[in-house]
Amino acid sequence: MTVQPAAFLRTTLPLDLSQLAELDSGRYHSIWLPDHMVSFWPDSIWTPEFTDLATASPSPHRHLDGLAVAAAAAVLTANVPLVSAVVDTVRRHPSMLAQTALTIDHLAKGRFVLGLGSGESENTLPYGFDFSRPVSRFEEALAVIRLLWESDGPVDFEGRFYSLHHARLDTEPYAGTPPPIWIGASGPRMLELTGRHADGWWPAGAWSPEHYAEMLATVRSSAERAGRDPLAITPCFIQVCLLGESEDALAEILRAPLVKAFLLQVSAETLRGLGFEHPMGDGWRGFQDIDPAVLNRERIITFLNDTRPEMLLAVVPHGTPRQVAKIIKTYVDSGLRVPKILDYGAMAGLDYAASSAANVRAAEDELLRLCGQPA
């Protein structure tokens with residue numbers, strides 16, 4: 001069993017590319033680059049009243065184009081794969097995604113992975129994009145990307161969302177092989193598409209090792225039906241956790257408004273299954289319903305007052321780095337091979353953000369030890 005952690009490269013201002021040399025050292029399986037227009041934190045609580053992080057940055061939404069940053073990282077690294085985590089198929093036409101992915105892969109000399117997802121309302125609706133039938137749109141976009149990569153000369157395509165007429169992409173893949181495609185998927189249709197088409201997978205949320213194993217089994221069953229090797233699909237996961245050096249530190253982290261706001265990414269259905277009513281109401285769909293600009297101060301204050309620590313603890317692995325590593329090991333036992341340990345405790349404030357990287361590294365080291373591998 002080989003397990004290797006992934007690293008994140010933040011694509012927000014201020015942009016820090018100085019860490020790329022360390023990330024390229026062989027410790028990490030790959031570097032994952034987010035691609036957002038806005039973040040999940042409501043504007044109404046990104047103020048000094050609620051967090052001292054607002055004194056360091058005027059906005060949580062200072063995002064850069066994730067694919068442009070990936071291109072920069074491609075020429076500043078030599079070894080580690082670079083993964084878009086993830087680009088949606090709503091804001092970019094699939095022909096442009098196909099060309100951009102080939103471009104970055106040439107810059108990276110074959111190390112780019114195109115991570116794709118069906119999108120989120122916060123990155124699409126405020127900008128006038130059509131977000132109806134996102135999974136159907138995703139499936140068609142994937143077909144267009146593959147068609148352009150695999151065809152010699154002009155191609156035609158007539159779909160519900162996209163039309164190509166004598167379209168061509170004569171740029172050959174680097175070394176004759178197009179970039180791998182990883183898919184972010186949690187729903188039944190997206191998991192089925194992942195099994196048929198993806199080279200790697202990570203869920204938008206897996207709330208227990210059993211949940212992760214169940215989704216992975218769906219992906220692998222779909223791959224088998226498509227005549228593909230199910231074990232060739234890389235199982236990944238962005239494991240959100242709360243890392244604290246002591247019980248007192250964890251208690252303080254749980255009181256932080258931006259940490260409580262993580263619950264906005266969790267659906268009412270998921271929380272109900274864990275024995276809690278969601279503070280945002282029975283119909284809340286989690287990250288799909290977040291629009292930071294319209295979640296006003298009054299509604300968010302009510303949400304914060306109704307969010308109890310035990311709700312967060314039910315959905316997020318928590319504790320010291322050693323304790324969290326033991327929890328993540330249970331996901332490894334369920335099939336996970338490339339974890340990215342994402343410490344949400346960093347959102348508790350500047351002091352916790354400063355210590356977060358060391359805590360994550362300690363959790364990675366402990367996880368590798370538990371898996372019988374050297375750090």
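Q: How many salt bridges are counted in this predicted model?
A: The count comes to 20 salt bridges.

Q: Why is the pair of aspartate 365 and arginine 27 called a salt bridge?
A: A salt bridge needs a side-chain nitrogen of Lys or Arg within 4 Å of a carboxyl oxygen of Asp or Glu. The closest N and O atoms of aspartate 365 and arginine 27 are 2.8 Å apart. That is within 4 Å, so the pair counts as a salt bridge.

Q: What makes this a link between distant parts of the chain?
A: Aspartate 365 and arginine 27 are 338 residues apart. Aspartate 365 sits in helix α13 (residues 350–370). Arginine 27 is in the loop between α1 (20–23) and β2 (31–33).

Q: Why is the group of Asp52, Glu247, Asp248, Glu252 and Asp351 called a negative patch?
A: Asp and Glu count as negative. Like charges are joined within 9 Å, for residues with over 30% relative accessible area and no salt bridge. Asp52, Glu247, Asp248, Glu252 and Asp351 gather on the surface as such a patch.

Q: Which helix gives the most to the negative patch?
A: Helix α7 (residues 247–255) does, with three residues. Glutamate 247 has its place in helix α7.

Q: How do you know that aspartate 156 makes a polar contact with histidine 166?
A: The cut-off for a pair of N or O atoms is 3.5 Å. The backbone nitrogen of histidine 166 lies 2.7 Å from a polar atom of the aspartate 156 side chain. The value is within 3.5 Å, so this is a polar contact.

Q: Where is aspartate 156, and what else does it contact beyond four places in sequence?
A: Aspartate 156 is in strand β6 (residues 155–158). Besides His166, its contacts there are Leu147, Leu164 and His165. Alanine 167 is 11 residues away in sequence, with 6.5 Å from C-alpha to C-alpha.

Q: What does glycine 153 contact beyond its neighbours within four places in sequence?
A: Its contacts are Ala167, Arg168 and Asp170. Glycine 153 lies in the loop between α4 (134–150) and β6. Its C-alpha is 6.7 Å from that of aspartate 170, 17 residues apart in sequence.

Q: Which peptide bonds are cis, among them one at a proline?
A: One joins leucine 13 and proline 14, with omega about -5°. Another runs from alanine 85 to valine 86, with omega near -10°. Most peptide bonds are trans.

Q: What makes the phi of arginine 133 worth a note?
A: Most residues other than glycine have a negative phi. Arginine 133 is not a glycine, yet its phi is positive, about 50°. It is found in the loop between β5 (112–117) and α4.

Definitions and conventions. Residues are numbered from 1 along each chain as its sequence is written. This is a predicted model: local features need pLDDT of at least 70, side-chain atom pairs count only at pLDDT 80 or more; totals for chains, interfaces and linings use all residues. Side-chain values use heavy atoms; hydrogens and water are left out. Helices (H or I, at least four residues) and strands (E, at least two) are DSSP runs, numbered from the N terminus. Contact means heavy atoms within 4.5 Å. A polar contact is a pair of N or O atoms within 3.5 Å; within protein, one must be able to donate a hydrogen and the other to accept it, and residues adjacent in sequence count only if both atoms are side-chain atoms. Patches are made of residues with over 30% relative accessible area and no salt bridge: like charges are joined within 9 Å, nonpolar side chains (Val, Leu, Ile, Met, Phe, Trp, Tyr) within 5 Å. Accessible areas come from the Shrake-Rupley method with a 1.4 Å probe; for residues, only the protein chains shown count as cover. The place of a charge is taken as NZ of Lys, CZ of Arg, CG of Asp or CD of Glu.
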